[in-house]
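Subject: Structure handover

Hello,

Here is the structure you were waiting for. My notes on it follow below.

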Amino acid sequence: MGVVKLMVNMQEIADNLIKGQAPKVKELVQKAVDEGVKPSEILSEGLIAGMNVVGTKFKANEFYIPEVLIAARAMHAGMDIVKPLLSKSDAKSTTTILLGTVKGDLHDIGKNLVGMMMEGAGFEVIDLGIDVTPEKFVQAVKDKNPNVIAMSALLTTTMTSMKTTIEALKAAGVKDRVKTIIGGAPITQSYADEIDADGYAPDAASAVDKVKELVNV
Ligand code: B1M
């Protein structure tokens, strides 16, 4: 009698990601790759499916920030294996997000959470880091041609940098090339309206929904 070998189930990857089991996710993803499962399938039906559940739970206050960060770490463990294979194969993201904490602001925990959720949703994320000047955002729009600029600010004194950045995009003639979305503790929808940002999101999971709405994916 031959030995029955169980193939890796994508749901098992998703379930372990939701539980934040990074080593297990890594092991299962590697096993799935070795078994010949398409990287795009592992990404969409394992990692992204799991991260979507995490986002839903976070929005419903069933998960809190530490659980999201632990799940995001598990997602990264899987992504590390799948990412190099993806660039060689089919599922190239068609949506690129330029992410950064604005000038003068060094807070990056929320921004990183936004980035992880965006990656989890299958977007390509270019993270410019913290203290990103309007000039740097403008230059990166020219160089990288993103679909969306996602700006984070945690201070009432730095949220004005979002306004200056949008003005700089307009002055450089590139504002219409990208959608702008903003967020962070002091940010509101009315501030987004005031500075002519295309969208506002109160948390990382809603930021993903907002991007989907803005770029129609
Ligand atoms: Co700062 N800090 N901090 N701080 N800090 C706050 C923000 C503050 C509210 C604390 C307080 O006084 N109660 C206050 C701001 C007051 C104000 O302006 N209204 C403050 C201050 C004053 C300062 C300093 C000026 C303190 C000083 O030096 N005198 C200084 C400024 C430094 C600077 O940036 N230039 C400073 C420094 C720091 C540390 C370096 C010590 C550290 C940051 C470490 C780091 O980020 N690597 C820090 C921290 C940790 C905080 C608190 C405690 C926590 C912030 C955080 O990470 N929250 C914060 C008080 C608080 O919030 N309780 C505070 C968790 C994170 C997941 O939430 O970033 O809000 P958050 O992100 C959320 C949403 O806002 C949203 O999604 C996330 C959740 O899903 N979101 C987006 C964020 N970005 C988004 C972008 C989007 C969409 C959603 O679309 C693009």
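At what angle do helix α6 and helix α7 pack, and how far apart are their axes? In this predicted model, α6 (residues 134-144) and α7 (residues 160-171) pack at about 45°, and 9 Å separates their axes. On the α6 side the contact is made by Pro-134, Phe-137, Val-138 and Val-141, which meet Thr-164, Thr-165, Ala-168 and Leu-169 of α7. Sorted by class, this contact of α6 with α7 has 6 nonpolar residues, 2 polar ones and no charged ones.

The sheet

The model has an open sheet of 5 strands, in the order β2-β1-β3-β4-β5, and the pairing is parallel. The edges are taken by β2 (124-127) and β5 (199-200); each has a single partner strand, so one side of each is left without a neighbour in the sheet. Strand β3 (residues 148-152) pairs with strand β4 (residues 179-183) in the parallel sense, over 5 bridges. Within this pair, Ala-150 stands opposite Ile-181 in β4. Helix α9 (residues 204-215) packs on the sheet and touches β1, β3, β4 and β5, with its direction at about 165° to that of β4. Helix α5 lies across β1, β2 and β3 and runs at about 170° to β1.

α5 with α9

These two helices also meet. The axes of α5 and α9 come within 8 Å and cross at roughly 50°. By the angle classes used above, α5 and α9 are therefore oblique to each other, and α5 passes α9 in a right-handed crossing. From α5 the contact takes Leu-113, Val-114, Met-117 and Met-118, and from α9 Ala-204, Ala-205, Ala-207, Val-208 and Val-211. What classes do these residues fall into? The contact of α5 with α9 has 9 nonpolar residues, no polar ones and no charged ones.

The cobalt

Which protein residue gives a donor to the cobalt atom of the ligand? The single donor from the protein is NE2 of His-107, 2.2 Å away from the cobalt. His-107 is placed in the loop between β1 (96-101) and α5 (109-120).

Regards

Terms used:
Residues numbered from 1 in each chain as written. Predicted model: local features only at pLDDT ≥ 70, side-chain atom pairs only at ≥ 80, totals over all residues. Heavy atoms only, no water. Axes fitted to C-alpha atoms, helices over the stretch in contact; angles between N-to-C directions. Helix = DSSP H or I, 4+ residues; strand = E, 2+ residues; numbered from the N terminus. Contact = heavy atoms within 4.5 Å. Nonpolar A, V, L, I, M, F, W, Y, C, P; charged D, E, K, R; others polar. Donors = N, O, S within 2.8 Å, 3.2 Å for Na, K, Ca; no water. Pairing = 2+ DSSP bridges. Parallel < 35°, antiparallel > 145°, perpendicular 65-115°, else oblique. Left-handed = near helix turned anticlockwise from the far one by under 90°.
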